[in-house]
Structure formats: structure tokens, C-alpha cells
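Welcome, and thanks for taking a look. Here is a short briefing to read alongside the model.

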Amino acid sequence: LNPGNRDINGRLSLNAFPLHSAQPLFSSLLSDMDGTLHGVVDIQKDSSGVALSSSGLEFEACSLTLALTGVKYSLSGKMGIDNKGLILDGLSLRDRFGNSGSFRGGLKWNRMNNMRADLRVNLPKIEILNMPTGNAASKIYGNAFVGALANISGPLNDLEVSLTLRT
């Protein structure tokens, strides 16, 4: 950090970073975050803008529960981040029954500007709802499974979603 000219040059080394440490940031969306993230993220900022790069970013023994649906998933796989975007390299999702799916692609940008989605989701069969009938606060209850193929693309304020669902 150079306060005189406002340049930043930093490295974030994630050696078994515990995901539950990030849970307060996502508390309205996720709960029961567990597992670790490994890898390195470098960030530089100068008069030309922000520059990002990463190496070895990988989720290990991760799990989380979606607050809205009550479904707990295991998460594994690699990802990367750089000046061109956030890349999900075969990120895998698994439900408690062993059903799995994958994510490929990610978000594209030019130095964090002009963000666009370019994501392919393949969920052959996966649990999407786990709300016990004893939950009086919810009018939605039970278990549900779905198979889905999705392509999500375009600018974030005008996404094009192609979706095929199977129950």
C-alpha cells in the first residue's frame, strides 16, 4: 500500500481458509457453511485500474445450506479469478442423497467492469427443497427434486437464461 499515490499491491494466501468465517457475509442466503478454500489471490491497483490474478483456488470438503430451501449441499472443485473474470472449472455440487451436478463458465469482465454471465449448469437430478412439515413458519414444505440444464449469459442487468427442467 502506498498512500501517497493510492496504489495497492496485495496477496491473499488462502491456506485452508475456513468458509464459516465468511458466513456473516452471506447469512441471508446461506447457513451451515463448512470446509476450506485453498489458493492465492493477487490484487494490484494503480492509475490504470484494478488487476486480479489467482492460482490454485479450490474448495475442499465444503458444505452449505441454502436458507430459502433448507437443502444442504457439498461443494468441491476449482475456480479462478483474473482481469477477465471469475472462472468455475467444473465446480461440483452434491446433495445429501449423492445426486450431483456441475457448473462451468462463470462471470466475464474487463478489469471488474462490463460484467457478463457465461455459465452452464448441469444438474441431472438434485434435491431442491427440504422443508420439514413441522416448520409452522413456512407455507412451503416437503422434499422436491429436479433435473436441470441451464445456460445463463449476457450482461448482469439483462440476462438471457435458457432452462430445461425435469421433475
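Strands here are DSSP runs of E of at least two residues, helices are runs of H or I of at least four residues, and both are numbered from the N terminus. Two strands count as paired if DSSP finds at least two bridges between them.

This is a predicted model, in which local features need pLDDT of at least 70, side-chain atom pairs count only at pLDDT 80 or more, and totals for chains, interfaces and linings use all residues. Residues are numbered from 1 along each chain as its sequence is written, and side-chain values use heavy atoms, with hydrogens and water left out.

**The sheet as a whole**
- The protein has 9 strands and 0 helices, so the pattern along the sequence reads β-β-β-β-β-β-β-β-β.
- An open sheet takes in 9 strands in the order S1-S2-S3-S4-S5-S6-S7-S8-S9, and the pairing is antiparallel.
- Strand S1 (8-18) and strand S9 (160-166) lie at the edges with a single partner strand each, so one side of each has no neighbour in the sheet.
- From one strand to the next, the twist averages 15° (axes are lines fitted to C-alpha atoms, and angles run from 0 to 180 degrees between N-to-C directions).

**Around strand S4**
- Strand S3 (residues 49-66) and strand S4 (residues 72-82) run antiparallel and are joined by 6 bridges; Ser63 has Ser74 in S4 as its bridge partner.
- The hairpin of S3 and S4 has 5 residues between the strands, and Gly70 takes a positive phi near 75° there.
- On to strand S5 (residues 85-94), S4 makes 8 bridges, again in an antiparallel pair.
- Ser76 stands opposite Ser92 in S5, and the hairpin from S4 to S5 passes through 2 residues.

**Overall dimensions and surface**
- The C-alpha trace spans about 60 × 35 × 30 Å along its principal axes.
- Of the 167 residues, 32% count as buried (under 20% relative accessible area, with a 1.4 Å probe and protein chains only).
- The protein exposes about 10,500 Å², with 55% of it supplied by carbon and sulfur atoms; areas come from the Shrake-Rupley method with a 1.4 Å probe.

**Contacts and charges**
- Among contacts with a separation of 6 or more, 40% come from residues 24 or more positions apart (contact means heavy atoms within 4.5 Å).
- The mean positions of the 16 positive and 14 negative charges are 3 Å apart. Lys and Arg count as positive and Asp and Glu as negative, leaving out His and the chain ends, with each charge placed at NZ of Lys, CZ of Arg, CG of Asp or CD of Glu.

Terms used
Buried < 20%, exposed > 50% of the residue type's maximum accessible area, 1.4 Å probe, protein only.
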